[in-house]
Structures are given as C-alpha cells and as structure tokens.
Amino acid sequence: MSSPTGPASGLPVRMPRPRQAGRHRRPEPLAAPEGAPALVLAVPGTPSAATRSLAEEVVSIARSELPGLDARIGYLDGNDEFPTLQSVLTHAAEERTARFEQARAAGSDVSAPDSPVGIVVPLLAGPDGALLRRIRQAVMESRVAAELTDVLGPHPLLAEALHVRLSEAGLARADRARLFTVATAADGIVLATVGGEDAVQAAGITGMLLAARLAVPVMAAALDEEGSIAAIAEQLRGSGSQQLALAPYLIGPELDAGLLDAAAKEAGCSAAEALGPYPAIGKLALSQYTSALGIAPPQTQGAPAF
C-alpha cells in the first residue's frame, strides 16, 4: 500500500528518466501541429486498385513518420470511385470551416485560420511538366487555398530505392561491400523517366548518386521520346558496357501500360520494377509537406552508399 509520500517500503520507485544531454540526445518525438493543413497526395495516371494500394501505402508511411498527420489522396483523373484532387481539397476546406464555426458556436474566441487548407504533394519522382500543369490547374479549379510543393526528386533516397529495385530484379549486387556475386548484374544502367528534357536532367542527378552506389555508368533517357532509350543504350555499349539494365525513375501511376516493356525491348535488356511504395517515397512526400510548413522534418537521409 502506498503512503502519501510514495510507495510502501520495499517496492521499487520508478523515477523519471533524465533527459540525455549532449549531441547523442534522442530527438523529441515530432507530431503534426494542431490545425495543420492536410497533406494531399496528388496521384497522376489512370486510377486502379493497384494505384490506390500504392497511394495508401505512401500516406501510411508519412503518417507513421508524423503522428497526427491529416493525409489524403486525390486523383488527377478521378471518378466516382476515386476522388478527384479538386473534390478532396474542397472537402478538406468544408471540414475546416465546420470546425471553425463549431468552435465559435461553443464560445471559443478563435479567428479564421489563414494557413492553407492543404499542402498538395505530387506523387512524381521527377518534373513532368505536363502533369504538373494539370495538377496546378486542378488546385486552381478547386478554389481552395492550397500550396503545391515540388516533386520528390532528385534525392539520395531515390538512388537507394533504384538500387533496391535493381537488386530485387537480380540486376545489381545488393551489397558491394560484401562482394555478393550476381551473374546477371548489369555493367550499365539506362535510367528511364518521362516528362521531356527537364525530367531527363533531373533524373541524371539521381543517376550520378546511383552510379556511385553501383560503380557502373548510369545515363538517363526519356521513355516518352522516340529513340531516346535506344540512343542511350547504344552510347553505353559504345563506352564498354555489355550487359545493360533499365531502371524506371518512376513511381508507377504515371507510367503508361506497356511503355516500360517496349523500352526494355528497344534497349535489348531486362528492366527493374518501378519505385512503387518504397518507404523513401512516403518519407520524401512528408519532407515536402514539412518544408512547406516550415517545420523540422523527421530524418530523411538515406543509408550510406554500399
């Protein structure tokens, strides 16, 4: 039985753990600010069950990194089953207005929020100009105060994701330091993207990071430009690469069906899977969101290069 001053004699006393000092101190857990705008993931491409599953996994990763995050999914080509980006933003605005009016009716002295209703994060690894214009247009048509962030790349975490997808396909060693042998490992990588020259240049930055990880040449090419894949494949072979691999610098929904298979055939090589719901995608989406809000993001640095 406890006394007024503490536990009964002989029972252990649990004292608060002192906060660790110095540079090795554990960071304080980060949570979404109260009343913060929603993170609205803008998903391109034709909606499908697979697309929904991918998007839900991405926002689930973001929520796990930032407890309390209001994360929603809006489809650029939505329909009755898949909510459009405009409708998601409109619904978020209506909900915030209702909360404000409810607080005023309860007697709270609150002023109308002046922050954006939503922070729209495009589910794109690189800058696809046509898709970004459509996302921007959808935000404008919603007539909602919302902020559009940049795309997710280039970033070291995307180089890590590309490496993992290549290794899963047996096209790269998973760990160069341990000298695992893969008989089908490529000695040259065609980094495939969509979106024209800007997208190719942006992919090339992540490509340099991937080349450093794999110690093989990596060159970017456009899937949506006729002859681009074949030309880069020929250039790699001309510089000495004999066994090529195609690595999609794409998350997945923005990729037209059959385009990747046709490109692999054009280059005469095998292809890895698209990036998909790799954990880095959710972390980078959250990083764009926290940057827009001006708050410190959770750790988003990639693992050391192999």
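These questions and answers cover charges and backbone geometry in a predicted model.

Student: How many salt bridges does a search of the whole structure find?
Tutor: Side chains of opposite charge can pair when their charged atoms come close. The cut-off here is a nitrogen–oxygen distance within 4 Å. A search of the whole structure gives a count of five.

Student: How many residues apart in sequence are the parts that Glu-81 and Arg-52 tie together?
Tutor: Glu-81 and Arg-52 form a salt bridge, with their closest N and O atoms 2.9 Å apart. Glu-81 sits in the loop between β2 (71-75) and α2 (85-105), while Arg-52 belongs to helix α1 (residues 49-65), so the pair links parts separated in sequence by 29 residues.

Student: Is Arg-72 buried or exposed?
Tutor: Buried means under 20% relative accessible area. Arg-72 has 15%, so Arg-72 is buried.

Student: What is the nearest side chain of opposite charge to Glu-254, and how far away is it?
Tutor: Glu-254 lies in the loop between β7 (244-248) and α7 (259-267). Polar atoms of the Glu-254 side chain lie 2.9 Å from the backbone nitrogen of Ile-251 and 2.8 Å from that of Gly-252. Glu-254 is buried without a salt bridge; the nearest side chain of opposite charge is Arg-165, at 12 Å.

Student: Which residues gather in a patch of negative charge on the surface?
Tutor: One of them, Glu-225, lies in the loop between β6 (218-222) and α6 (228-238). Patch residues need over 30% relative accessible area. Glu-225 is partly exposed at 36%. The patch holds Glu-197, Asp-198, Asp-224, Glu-225 and Asp-256.

Student: Where is Arg-143 found, and what is its phi?
Tutor: Arg-143 counts as exposed, at 78% relative accessibility. Arg-143 is in the loop between α3 (129-142) and β4. Its phi is positive, though Arg-143 is not glycine: near 55°.

Student: What is the phi of Ala-215?
Tutor: Ala-215 is in the loop between α5 (197-214) and β6. Ala-215 is exposed, with 56% relative accessible area. Although Ala-215 is not a glycine, its phi is positive, about 60°.

Student: Which residues does a cis peptide bond join?
Tutor: Pro-154 lies in the loop between β4 (146-148) and α4 (156-168). Omega is about 0° at the bond between Gly-153 and Pro-154.

Methods. Residues numbered from 1 in each chain as written. Predicted model: local features only at pLDDT ≥ 70, side-chain atom pairs only at ≥ 80, totals over all residues. Heavy atoms only, no water. Patch = residues over 30% accessible without salt bridge, like charges linked within 9 Å, V, L, I, M, F, W, Y side chains within 5 Å. Areas by Shrake-Rupley, 256 points an atom, 1.4 Å probe, with all protein chains shown as cover. Lys, Arg positive; Asp, Glu negative; His and termini not counted. Charge placed at Lys NZ, Arg CZ, Asp CG, Glu CD. Helix = DSSP H or I, 4+ residues; strand = E, 2+ residues; numbered from the N terminus. Buried < 20%, exposed > 50% of the residue type's maximum accessible area, 1.4 Å probe, protein only. Polar contact = N/O pair within 3.5 Å; in protein donor to acceptor, adjacent residues only side chain to side chain.
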